[in-house]
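Good morning, and thank you for coming. I would ask you to keep the display in view while I speak.

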Amino acid sequence: MQNSAGASSAQFIKMTQTPIPKLIVTLAVPTVASMLVSSIYNLADTFFVGQLKSNSATGAVGVVFSLMAILQAFGFMVGMGSGSVISRLLGQQEGQKASHIASMGFFTSLGCGALLGVGGLIFLEPLMRLLGATDTILPYACDYGRYILAAAPLMCASFTMNNMLRYEGKAAFAMIGLTTGGILNILLDPLFIFVFDMGIAGAALATALSQCVSFCLLLAMFLVGKSQLRLSVRLIGRDLPGLKNILACGLPSFARQALASVATALLNWQAGQCGGDAAVAAMSVVGRIFMFVFAVMLGIGQGFQPVAGYNYGAGKFNRLRQAFRFTLLLGEGCICVVALGTFLAAPWLIQAFRNDPQVIEIGVLACRLQCCAMLLVPLGTCANMLFQSTGQSTSATFLSSLRQGLYYLPLMLVLPLVIGLRGVQIAQPLADVLTFITSVPFLVRFFAQLPRQDRK
């Protein structure tokens, strides 16, 4: 118990006294690495499936990606909700209460994943059609989705544990679990797809097995004492207010991820209507590329979250201001570099995944438009992370709903009717511009109301 208390005290000092630039970079580097590896193995599925020489198979990866976004939505909702509460409790040095919240979050995510997996397998074909599968894409999407749904409970729980470790300030341990699974996925993809001749089902099986490995490694961090938090059924109790608090704080993540899934399904449907399987394949490739680009900013923002939660809970408001400014500048600098490189390399990137003239033509324009809009994304991302970490769930939920929801969905519904395929290509960049404009007054009001002096 003394060792646990000593570790808790050392972690508190680290999170509330380490110079902000050093602290955020220390937490952001493993988080960015985790996000990039996750993006790389999603890109790997698209790349290796693209070698099957089928636009329908490549399109199916994009369709099932929206299913994975649904699973991620539930895992992140519970994980970020739990993590937000946990970081503030640890900032107040309430370790036992933090373990109670962690246990509740872990078993809730397992239950959500089990319900989603069973329901999805029962209604597999209607679900794939709902997510945007055309008649030609549907068989591939079902083959892919079946394995993903079977692994749904462990996938949801992995997302939850990853976020709890991050919010605790143990980003390096979270990275180990995710990156190991990601590297394994990249190695298994060609083995199952080509050597075992499983086709697109091999890519899905590789992803499912890799997610199971990630789950085991992340769970081990809690069981062997690498985390201050303990996971136990006995710690759950019947704390409905605690569960409500988790879900309220996690709602912004759910809104962001769930709307991303709806947005992907609508994108697939509109692309299919405007340009057929080639357009679905092109936009699927672009989506995967920008999942990789956005992972840089998301990783930096997630490195900021535990710093924000700890210091807000400890009443160190000036450190919170400094952390926000540093994170925004760091994110903007990184995104500028990545977006510029992606803009210049767009034709080669699209061709690497699908060497089809029509796919390349559609994808390059969409990719370059999105690169320009990405320069505005860091401010909106930082704003959302700030509000979620400090318990401002209403503002966080609203802002998280803008980029791929309240702005994107109407644009994606209307623009293709007016300007056809071009509307599909410009909907996301335009939504990013509007999200940036909306986020500014929320930030101005928050910092104006934040106390000028630290709490003693």
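**A buried glutamine and its surroundings**

Gln-270 is buried, at a relative accessible area of 5%; buried means under 20% relative accessible area, exposed over 50%, and partly exposed in between, with a 1.4 Å probe and protein chains only. Before I continue, please note that this is a predicted model, in which local features need pLDDT of at least 70 and side-chain atom pairs count only at pLDDT 80 or more, while totals for chains, interfaces and linings use all residues. Residues are numbered from 1 along each chain as its sequence is written, and side-chain values use heavy atoms, with hydrogens and water left out.

Gln-270 lies in helix α10; helices here are DSSP runs of H or I with at least four residues, strands are E runs of at least two, and both are numbered from the N terminus. Leaving aside neighbours within four places in sequence, Gln-270 is in contact with Met-412, Leu-413, Pro-416 and Val-424, where contact means heavy atoms within 4.5 Å.

Two of those partners, Met-412 and Pro-416, bring us to helix α16. The axes of α16 (residues 408-419) and α17 (residues 421-449) come within 8 Å and cross at roughly 145°. Such axes are lines fitted to C-alpha atoms, for helices over the stretch in contact, and the angles run from 0 to 180 degrees between N-to-C directions. Ala, Val, Leu, Ile, Met, Phe, Trp, Tyr, Cys and Pro count as nonpolar, Asp, Glu, Lys and Arg as charged, and the others, Gly among them, as polar.

From α11, residues including Leu-320, Phe-324 and Thr-327 meet residues of α13, among them Cys-382 and Leu-386. Nine nonpolar, two polar and one charged residues make up the contact of α11 with α13.

Which residues does Phe-304 contact, leaving aside its neighbours within four places in sequence? Its partners include Leu-320, Phe-324, Thr-327, Cys-382 and Leu-386, together with Ile-24. Phe-304, with Met-128, Tyr-144 and Met-161, touches the most other members of the largest nonpolar core, which has 139 residues. A nonpolar core is a set of buried Ala, Val, Leu, Ile, Met, Phe, Trp, Tyr and Cys residues joined through side-chain atoms within 4.5 Å. Helix α10 (residues 240-313) gives this core its largest share, 29 residues.

Next, helix α3 (residues 55-91). Of its 37 residues, 34 are buried, so α3 is largely enclosed by the rest of the structure. Gln-93, which follows α3, has a positive phi, near 60°.

Finally, Arg-403 is found in helix α15 (residues 402-406). Arg-403 is buried, with a relative accessible area of 18%. Not counting residues up to four places away in sequence, Arg-403 touches several residues, including Gln-370, Tyr-408, Gln-428 and Asp-432.
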